[in-house]
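Here is a short report on one protein model. Keep the sequence and the 3D view open while you read.

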Amino acid sequence: MGRALAAAHPEARDALAEADEVLGMPLARLMFEGPAEELTRTENAQPALLAHGAAAARVLAARGVEPGVAAGHSLGEFTALVATGALAYPDALRLVRLRGELMGRAGDERRGAMSALLGLDDGAAAAVCAEASTGGEVVVPANLNAPGQVVISGDAEAVARAGELARARGAKRVVPLQVSGAFHSPLVAPAAEGLRAALAETPIGRPRVPVVANVTAEPSQDPAALRRLLAEQLTSPVRWAASMLRMVGMGFADFVECGPGRVLAGLARRVDGVRSAVSVGEPADLEVLVSIAAGS
């Protein structure tokens, strides 16, 4: 994770070295070598994702590629705020490390689950969640990723009931996710309180360009609002499909995903009005981006 990018570009190498120094741990070595079970612990995975995304954004910025608008999926909203100058990278690293610790602790205290519902629209997903939430057990829509792709989150028994209801109502697949907690649900409310306190002590400035928030799917450059929404995000659904549509509605047609994986670029290509969507996490990805830019 990030090894090739760091080897090829000094900006990425410096970003990972800075993460090691700020956190006082060998994060880069963990990203490069694992072990996977240690890297995927949420208190390590979150700063690793931020570091990789910030490293990619620095590489792009050094080559004159700057965003006109930004958004990030869940943890990625911190990366978006770093990339737009609203949040200092060291502060973001400390916040997301704490965020991971708080979320992990909340998961230990009240074990939850998450599942992806494929082939069910947002309204039907919300309905099965409402019906499955009984007897003090709750399940809610957590990630509204794309038409026909909704992730649900909550108490394990309620998530299982919602999955059964979803199958009965036409879902093509119900996919349990390997997670350590019921993220973006009321089960992680204690983590939101802890994060809110930390955010209150962290400087957040005005981003250079609008950042579309997960909670509202609306752009903002108001530091106070962005600070509040980062805390609210933990217990609110990620309105990703609506966020993409909002950015397209603002006149943007070309999107770059910074960091590991290609999931968001894949989702973006399903949105009407998107001309191109490229993932940049490895050196070869830059060549793809350059070729697209040359042809535009």
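His184 sits in the loop between β5 and α10 (189-200). Helices (H or I, at least four residues) and strands (E, at least two) are DSSP runs, numbered from the N terminus. The phi of His184 is positive, about 60°, although the residue is not a glycine.

Ser74 also has a positive phi, near 60°, and is a residue other than glycine. Ser74 lies in the loop between β1 (70-71) and α6 (76-83). Ser74 is buried, with a relative accessible area of 13%.

## Basis of the model

This is a predicted model: local features need pLDDT of at least 70, side-chain atom pairs count only at pLDDT 80 or more, and totals for chains, interfaces and linings use all residues. Residues are numbered from 1 along each chain as its sequence is written, and side-chain values use heavy atoms, with hydrogens and water left out.

## A buried arginine

Which residues does Arg99 touch, apart from those up to four places away in sequence? They are Gln46, Ser74, Leu75, Phe78, His184, Leu195, Gln233 and Leu234. Contact means heavy atoms within 4.5 Å. Both residues of the opening section, Ser74 and His184, are therefore among these contacts.

Arg99 is found in helix α7 (residues 89-109). Arg99 is buried yet has no salt bridge. A salt bridge here is a side-chain nitrogen of Lys or Arg within 4 Å of a carboxyl oxygen of Asp or Glu. The nearest side chain of opposite charge, Glu77, is 8.0 Å away. For charge, Lys and Arg count as positive and Asp and Glu as negative; His and the chain ends are not counted.

Two strands pair if DSSP finds at least two bridges between them.

Strand β2 (residues 112-118) pairs with β4 (residues 149-155) in the antiparallel sense over seven bridges. Met114 stands opposite Ser153 in β4, and the bridge partner of Ala113 in β4 is Gly154. On the β5 side, β2 pairs in the antiparallel sense over four bridges. There, Leu118 has Arg173 as its bridge partner. Strand β2 is mostly covered: six of its seven residues are buried. Axes are lines fitted to C-alpha atoms, for helices over the stretch in contact, and angles run from 0 to 180 degrees between N-to-C directions.

## The three-stranded sheet

Another open sheet has three strands in the order β1-β6-β7, with mixed pairing. Here β1 and β7 (219-220) stand at the edges, each with a single partner strand, so one side of each is left without a neighbour in the sheet. Strand β6 (residues 211-212) pairs with β7 in the antiparallel sense over two bridges.

Val212 lies in strand β6, and its bridge partner in β7 is Pro219. Is Val212 buried or exposed? At 0% relative accessibility, Val212 counts as buried. Beyond its neighbours within four places in sequence, Val212 has contacts including Val69, Ala70, Ala71, Glu77 and Met247. Val212 and Met247 are 35 residues apart in sequence and 7.7 Å apart in space, C-alpha to C-alpha.

## A helix pair and a cis proline

The axes of α2 (residues 10-23) and α5 (residues 42-62) come within 8 Å and cross at roughly 145°. The crossing is right-handed. A crossing is left-handed if the near helix is turned anticlockwise from the far one by less than a right angle, and right-handed if clockwise. Among the residues making the contact are Ala12, Ala15, Leu16 and Ala19 of α2 and Ala51, His52, Ala55 and Val59 of α5.

The peptide bond from Gly34 to Pro35 is cis, with omega near 10°. Pro35 lies in the loop between α3 (27-33) and α4 (36-39).

Methods. Buried < 20%, exposed > 50% of the residue type's maximum accessible area, 1.4 Å probe, protein only.
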